[in-house]
Amino acid sequence: MTFEIIPRVKICGITTQADAQHAVNSGADALGFVFYEPSPRSIAPSAAREIALSVGPLITTIGLFVNASYEEVSSTLDQVPLSVLQFHGDETNEFCRQFSRPFIKAFRMAPGFDVEPALEQYPDASGFILDAYKPGVPGGTGQSFEWHRFPRESDRPLILAGGLNPSNVEGAIVATKPYGVDVSGGVELAPGHKDPEKVMAFINAVKHPPWR
Ligand SMILES: O=C(O)c1ccccc1N[C@@H]1O[C@H](COP(=O)(O)O)[C@@H](O)[C@H]1O
């Protein structure tokens, strides 16, 4: 299945209400909260709760975890109204499915990584993120991978991530035909702080490219 729709946009690494509101007003479909303490974009559940409540029910709120425990994910869900969970580590399908929430499984495109067999290991996933591979770093690297490795034809929703920014996202979409795009570092002033102009430019490049 290819997705002829306009790709959905997820702005990840939201840490303030102002950044969230601006992303939503610019047309973001989804906001990502990083519940992974080593990340400079990490956010406490109490702060994420306030932001998630402020954007209302029609914006998808996504909680990102990296090899978190069952207790940590459950506790976060008790505090934050998250629509979707994003697992960015080595979590199994059995782990990801136990929270009664749709989930996205992220894969890092290491050399030789074969996408289609990996998708089959996650029959319960609502979709997948394909991200760049950097040894020792689980994500948010600001690096991209060879877009020709992204399956343009898949029967599962595939989201492109890794090193996207307002200047390259249009070409990335043409190359990959993704269901959605996910960006963090490419729309920041500094880690954890979004650049309003870059956020708007990114979303406009996805939703209103010159040729559409
Ligand atoms: O954003 C982070 O800090 C992060 C930390 C750990 C795992 C994933 C993380 N972010 C995800 O990484 C990709 C690409 O980010 P970038 O645009 O290259 O900076 C994206 O899926 C983020 O959700």
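Modeller: Axes are lines fitted to C-alpha atoms, for helices over the stretch in contact, and angles run from 0 to 180 degrees between N-to-C directions. This is a predicted model, in which local features need pLDDT of at least 70 and side-chain atom pairs count only at pLDDT 80 or more, whereas totals for chains, interfaces and linings use all residues. Residues are numbered from 1 along each chain as its sequence is written, and side-chain values use heavy atoms, with hydrogens and water left out.

Biologist: Across which strands does α2 lie, and at what angle does α2 run to β2?

Modeller: Helices (H or I, at least four residues) and strands (E, at least two) are DSSP runs, numbered from the N terminus. By that numbering, α2 lies across β2 and β3 (60-65) and runs at about 175° to β2. Helix α7 also packs on the sheet, touching β1 and β8 (180-183), where contact means heavy atoms within 4.5 Å, and its direction makes about 160° with that of β1.

Biologist: What makes the sheet a barrel, and which strands form it?

Modeller: Two strands pair if DSSP finds at least two bridges between them, and β1 and β2, which run parallel, are joined by three. Around the sheet, eight strands follow the order β1-β2-β3-β4-β5-β6-β7-β8 with parallel pairing, and the barrel they make is closed. Neighbouring strands are turned by 25° against each other on average, direction ignored.

Biologist: How do you know whether β6 is covered or open on its faces?

Modeller: Buried means under 20% relative accessible area and exposed over 50%, with partly exposed in between (1.4 Å probe, protein chains only). In β6 (residues 127-131), five of five residues are buried: G127, I129 and D131 on one side, F128 and L130 on the other. We conclude that both faces are covered.

Biologist: What makes the buried residues of α1 line one face?

Modeller: In α1 (residues 17-26), the buried residues are D19, A20, A23, V24 and S26. They fall within an arc of 165°, taken from the directions from the helix axis to the C-beta atoms, so they line one face. The face turned away carries the exposed A18 and N25.
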